[in-house]
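Trainee: I have a model open and would like to go through it part by part. Could you take my questions in turn?

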There are 4 protein chains.
Amino acid sequence: MASPSTSSDSPSNTPAPAPGTLGVWFVGARGSLATTATIGLSALAARLTDETGCVTGHPDLDPRGLAPWADIVVGGHDVDTVPLVKQAERLVAGGVVPAILAHQVAGELEATEARLRPGVRGGEAADQRAIVEQLADDIRAFAAGVDRVVVIDVSSTEAPHDAGADAVTWADLQAAWAAGRAPLAPSSTYACAALLAGAPYVAFTPSPGIDVPALLELAAERGLPYAGGDGKTGETLVKSALAPMFSTRSLAVRSWTSINLLGGGDGSTLSDPAARASKTGTKRSGLESMLGHEVPGPMHIDYVEDLGDWKTAWDHVRFDGFLGTRMTMQFTWEGCDSTLAAPLVLDLARLTGRAAAAGETGPLAALGFFFKSPMGSEEHRLAQQWDALLAWSRECADRVSS
Amino acid sequence: MASPSTSSDSPSNTPAPAPGTLGVWFVGARGSLATTATIGLSALAARLTDETGCVTGHPDLDPRGLAPWADIVVGGHDVDTVPLVKQAERLVAGGVVPAILAHQVAGELEATEARLRPGVRGGEAADQRAIVEQLADDIRAFAAGVDRVVVIDVSSTEAPHDAGADAVTWADLQAAWAAGRAPLAPSSTYACAALLAGAPYVAFTPSPGIDVPALLELAAERGLPYAGGDGKTGETLVKSALAPMFSTRSLAVRSWTSINLLGGGDGSTLSDPAARASKTGTKRSGLESMLGHEVPGPMHIDYVEDLGDWKTAWDHVRFDGFLGTRMTMQFTWEGCDSTLAAPLVLDLARLTGRAAAAGETGPLAALGFFFKSPMGSEEHRLAQQWDALLAWSRECADRVSS
Amino acid sequence: MASPSTSSDSPSNTPAPAPGTLGVWFVGARGSLATTATIGLSALAARLTDETGCVTGHPDLDPRGLAPWADIVVGGHDVDTVPLVKQAERLVAGGVVPAILAHQVAGELEATEARLRPGVRGGEAADQRAIVEQLADDIRAFAAGVDRVVVIDVSSTEAPHDAGADAVTWADLQAAWAAGRAPLAPSSTYACAALLAGAPYVAFTPSPGIDVPALLELAAERGLPYAGGDGKTGETLVKSALAPMFSTRSLAVRSWTSINLLGGGDGSTLSDPAARASKTGTKRSGLESMLGHEVPGPMHIDYVEDLGDWKTAWDHVRFDGFLGTRMTMQFTWEGCDSTLAAPLVLDLARLTGRAAAAGETGPLAALGFFFKSPMGSEEHRLAQQWDALLAWSRECADRVSS
Amino acid sequence: MASPSTSSDSPSNTPAPAPGTLGVWFVGARGSLATTATIGLSALAARLTDETGCVTGHPDLDPRGLAPWADIVVGGHDVDTVPLVKQAERLVAGGVVPAILAHQVAGELEATEARLRPGVRGGEAADQRAIVEQLADDIRAFAAGVDRVVVIDVSSTEAPHDAGADAVTWADLQAAWAAGRAPLAPSSTYACAALLAGAPYVAFTPSPGIDVPALLELAAERGLPYAGGDGKTGETLVKSALAPMFSTRSLAVRSWTSINLLGGGDGSTLSDPAARASKTGTKRSGLESMLGHEVPGPMHIDYVEDLGDWKTAWDHVRFDGFLGTRMTMQFTWEGCDSTLAAPLVLDLARLTGRAAAAGETGPLAALGFFFKSPMGSEEHRLAQQWDALLAWSRECADRVSS
């Protein structure tokens, strides 16, 4: 992991890379996911771990123009104030990160610590415009030390939020602020700040974020690319591989039941029914899109404290075959959410950074491979998303390399 | 289902179809799979069932030039002599076919019965050339009443068999026969007969069949298309949907364990270790091809008599994620092999028949979607096979429609 | 199955049995469970099926004094009016009852039909005392034709209901009725009627039923035995076999998650959160009693219409072993609730009938083997319940045989 | 853990215990199981861990007269020479033992190291009588420093071995040795040595061990208790809890399929078909005993290196209910064999030591709770074994306390 503005002194022996130093600004920089990503990035930069789990390390994906691991630097916002090193200890205790690794990158964590800034909580009474400006200033300060910044929201899931008439256009939002109203959800204040600071924005959560008409207008006006939403890391990932199988074989899925048990901060957040509504919404839409019809069946997300950062999902699929024969498939997925998501977040930083360099603007539909609810795309089938990602990746690589 | 040469009198009210009557000649015509396919075809023709499970009924697949269900007629070989109606009763008792349906199509089963001919057993001492000629004559007689015949091997799995130096070229085979030798496995005698009778050939089993150099030469010489091998209906189907997920996400699969429990005739055949070797061979190769490396893990096929025509498969996948995190996925698949395979066999008849009409010759690589071990293709990923099938299907449709 | 008062004419050739004819009066006599039990009883009487699933057919259980299958006759109440023969057709369509069997016992179903009487719905405004008297008269009329009646509640689960101060004593209840109040839940009106008619009562549902102080007083005063509550047929049954394993091996269960998918009438009833509360309450209490401590973990009961009378349950158990090692067990149970419960209901009729003959009164704690929430017992461990059942069964058998 | 003959100096503050110091002599003292048990014992003695997984810590089991953890000392034989501290490192790396714990008890491991003696390999040409005498001398030397020794075989599973006519009686064995023959399997030489040294013997493996007529005669003559065989730690444990459920509910189990995946030393040993035969034999016998009839279904034990000391078992049970309804249950068990077995081994040492003090001789049938193939008992049902253990435990406690 590079120190900002000093990439030439980085431990990596590679010459100063063409893409320049990439800054990743995490919204929720002290959470399990961002901490794991920060540790993992340092480990990749120092070659203490391999690229397992990193899509941008796949041999079929064109790597030209992607920021080398050693040339990426992390900063971010968080409302939490517990130091990254402490967060890392918690991850070690939970079996997410090997103790030895956390120890080896402790120095990098402290360096990152110095680049974190206080976040903004929901429900704060203060002037929302001022808050947004403060957040944007934080990002601008970080941007000064790197060649390009990508802002990625990896903070806790918010409840669905309707910004309403106050955020239909950028002018509406300005007017609402001027009138002392605060129409944006917290996640959207960060998205707004990113855009004002000229940074591409990636929503790895199902929170409202950039998905507000006024902010989409702002992004278009500034010519910034963005992507989202809600990382596809576990049970929904499997669904996006399996549902097309049922569909292309003309097998009739009659019900699809899902239960997700998770215990970490994410599980705790999702024990709030409103936040859970955000999550199950993004989960269900894709399934029905892939199967082409409504699919009944309960979908549970349950907090089981004892599971920590681990997630166990069980899915039960009832389908009919030829002559009405009743059949079933069930699967159990046992994974660690933080280590499944962390490399994807780093991938998104690299790919979005390169996309911006290649002149991409608006929703990056080809990044749908990473998301439960892809912005700019109706395609949920994993394999087709993969093919689209590879093709787009080659285009971007061509553009930045020529 | 049409009666041969009398399709204008068929119960279907559709006018004589453009593609003409299609004859499907089953090797193993009295087995569970062929009987289910025959019942199902009659039910489709009479609109007693819908196209669930039929790939050629998928809205994305170009249907132009495919034989209508009502214009397909069945014949075949079998060494078994138990009448189709009895076979159907067994399937009803096993819950494979609804009793009402078997009753409704009993007349069609008896009509098909009249078109079945005795097969040839392995180990028979007789003159192999004469056997092949007799089989070919049976097919020719059937062909006289239809516009086109496709021969499909759905008989029991044979052990691996090396035809050796006697079957390297068609001339070698002629010489071996002249010398009184019988180098071909039984499944290959049927394949040879099909080619001699001018019929395209499809291997739905892992038996040697057409996959003998002398026969491939014969097929090339006659300009006949063929496809195979070993229908991908259950656990391997799921693998071909899931393995690319692990691969494209750069997750490192460390072991993949499979156990298949099955009880029907297929299970009984596969309790023979030699036959099982054919099956596990086709199952394993695809997995390692999709993952790009060797994958340890046992692969069992077990006969559990009580399961009848039903199959239960359990797979356990151990994979590593980012930072070496150990994760697992397991799935259980409970399906009915005969009703999973039957519509695919009908699909293959329609698609191969149209391909022949469109002038296709040699291995039909685009049919890899249906097979564990696709002839003419190294692609095992289900989604990519689907895309290839759709594209090729459009081409064939264009050609036969123009 | 005997016709009442004409057991000597019964199709069975057995001589008039010592215990006399046993009448089973079902509350909910047209439901899936009662219909399956009625069909099954006829099939057992006519030796069309064997005693699989019948606890009273177990070789270790003392059978002396149990009513022979052929000497049991069914009657009952139901608010539903769809004839039993139609109910049977629905069960056949759902794969619960073989078509041939339903056909063979159709005559018995019609005979039973003639013994069914209209039930009482919740929320009816009428005089509750009069309703109870009418129900009791129905039972008395049925009792006139048999030697002994056992009333078994197999109707849909009601929501928890607090009869309150109006039902603390029998005198309170009389007073409340006199004042025009209707403190009893519908299930309790049936229980009250059973007691007034002098019949032992069995609660196979978690509805309030007899579990009201005033009714328990009445039962004690009349010297009647009773048993309940909520049949233990599937996932809770498995729990009562597995939880003691964890406990006796000193393994520390940290969470136990359960999800039950079911589609029949029961599933539909339980999609009502209030009714579900009754059910999950009886499910959870036993687990924590067996493990000796609180056990977190979600417990879902979900209606999945497509599953019909079938139930799929998935349980996930997280436990710690020696040195804090984290381990898991999960199981999937796929059963048919009606055929799991039906033989138990018949067992309970026979055992309760014999118990009454043996002079047993009050809660039959030894029947806890059959229940999620056993009346008169705190024992939930299946094996210990079994041992208690066997011992008590011998005692009753001794008493009625001496 | 006490140092031999110096228990008054032990780190525990408890006064010198009534039962005196107990010596546990492991055959296979450097294996995963013995090493885990040794670490765990030290941790228990130093109160660094709790009694989770220890049956003798169960509140229902009478503890009077059991050796306190701090008064137990370990010695043993092994053919392996890798030091215990290195073995512990391997267990830490495999996630079996927490790193901190291994560190804390390193001193105790080194003390134990000094008490280990070289074992004997199969196939050694040397004089078998001399080998046995050497092994016995080793045990006698260890015994000199403690009040009582229990020998426990936790070494790798041997293939079935028929000692034949040479080992029918103790005199036969003497004669065979005198004639230069070596009829005993290695595990039996350790068992013989234990008996000659006057020590009770426990077989935690399915190896032949003491189960040779000549050795049983010797044990009887010396008045020594013994117990075995083959620890019941995982999938068979679950079977012994579940099979009685099916049986007592009169459900008809039609097939029971088991697959065990394991990767550690045990898995490697069991990839040898002959050794596996020992294991599957003890596994199957109990199931059929509990169900009262033959139960078809494959039973696999597979080596999957990647799993290390962890074991994943999947079982699939097909059973029929009332009216022939087909149902299934399946479970997946994911446990760590070493930490499941280690506390049981310590329990067996304590219970067998107390039994010897209480004057018990011959096979300790009441220890069947711990074994797949209990010596002296035909009871395989877990709950009944538990009740028997508790009752016997009270008797022994009474005797040693009076």
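**A walk through the chains**

Mentor: Start with chain D, where E1(D), helix H1 (residues 32-45) and E2(D) make a right-handed β-α-β unit. Right-handed means that, with the strands pointing away from the viewer, the path from the first strand over the helix to the second runs clockwise. Helices (H or I, at least four residues) and strands (E, at least two) are DSSP runs, numbered from the N terminus. This is a predicted model, in which local features need pLDDT of at least 70 and side-chain atom pairs count only at pLDDT 80 or more, while totals for chains, interfaces and linings use all residues. Residues are numbered from 1 along each chain as its sequence is written, chains are lettered from A and ligands numbered from 1 in the order in which they are written, and side-chain values use heavy atoms, with hydrogens and water left out.

Trainee: Which residue stands opposite D:Phe26 in E2(D)?

Mentor: Strands of a sheet pair through backbone hydrogen bonds, either parallel or antiparallel. Two strands count as paired if DSSP finds at least two bridges between them. Strand E1 (residues 22-27) of chain D pairs with E2(D) in the parallel sense over six bridges. Opposite D:Phe26 stands D:Gly76.

Trainee: What is the bridge partner of D:Asp78 in E3(D)?

Mentor: E2(D) also pairs with strand E3 (residues 116-118) of chain D, in the parallel sense and over three bridges. In E3(D), the partner of D:Asp78 is D:Pro118.

Trainee: How many residues of strand E2 of chain D are buried?

Mentor: Buried means under 20% relative accessible area, exposed over 50%, and partly exposed in between (1.4 Å probe, protein chains only). D:Ile72, D:Val74, D:Gly76 and D:Asp78 point one way from E2(D), D:Val73, D:Gly75 and D:His77 point the other way, and all are buried. Strand E2 (residues 72-78) of chain D is therefore largely enclosed by the rest of the structure, the buried count being seven of the seven.

Trainee: Is D:Arg47 buried or exposed?

Mentor: D:Arg47 is found in the loop between H1 and E2 of chain D. Its phi is near 55°, a positive value in a residue other than glycine. With a relative accessibility of 69%, D:Arg47 counts as exposed.

Trainee: What is omega for the peptide bond from D:Gly228 to D:Gly229?

Mentor: D:Gly229 lies in the loop between strand E6 (225-227) and helix H9 (235-248) of chain D. The bond from D:Gly228 to D:Gly229 is cis, with omega near -10°.

Trainee: By what turn can chain B be laid on chain A?

Mentor: Two copies of a chain are related by a rotation about an axis and a shift along it. Copies are superposed by least squares on the C-alpha atoms of residues with pLDDT of at least 70 in both. For chain B on chain A the RMSD is 0.0 Å, the shift along the axis is 0.0 Å, and the turn is 180°. The two copies are thus related as by a two-fold rotation axis.

Trainee: Which residue of chain B comes closest to the rotation axis?

Mentor: The distance is taken at the C-alpha, and it is 2.0 Å. The residue is B:Phe331.

Trainee: How much area do chain B and chain A bury between them?

Mentor: Contact means heavy atoms within 4.5 Å, and it takes 61 residues from chain B and 61 residues from chain A. Buried area is the accessible area (1.4 Å probe) that two parts lose on being put together, summed over both. Carbon and sulfur atoms carry 64% of it, and the total is about 4,700 Å².

Trainee: Which strands stand at the edges of the open sheet of eight strands?

Mentor: The order is E8(A)-E7(A)-E9(A)-E10(A)-E10(B)-E9(B)-E7(B)-E8(B), with mixed pairing. Each edge strand has a single partner strand, so one side of each is left without a neighbour in the sheet; these are strand E8 (299-303) of chain A and strand E8 (299-303) of chain B.

Trainee: What is the bridge partner of B:Ser258 in E9(B)?

Mentor: Strand E7 (residues 252-262) of chain B and strand E9 (residues 310-320) of chain B pair in the antiparallel sense over 10 bridges. In E9(B), B:Ser258 has as its partner B:Asp315.

Trainee: How much area is buried between chain D and chain B?

Mentor: Here 20 residues of chain D are in contact with 20 residues of chain B. Carbon and sulfur atoms give 58% of the buried area, which is about 1,700 Å².
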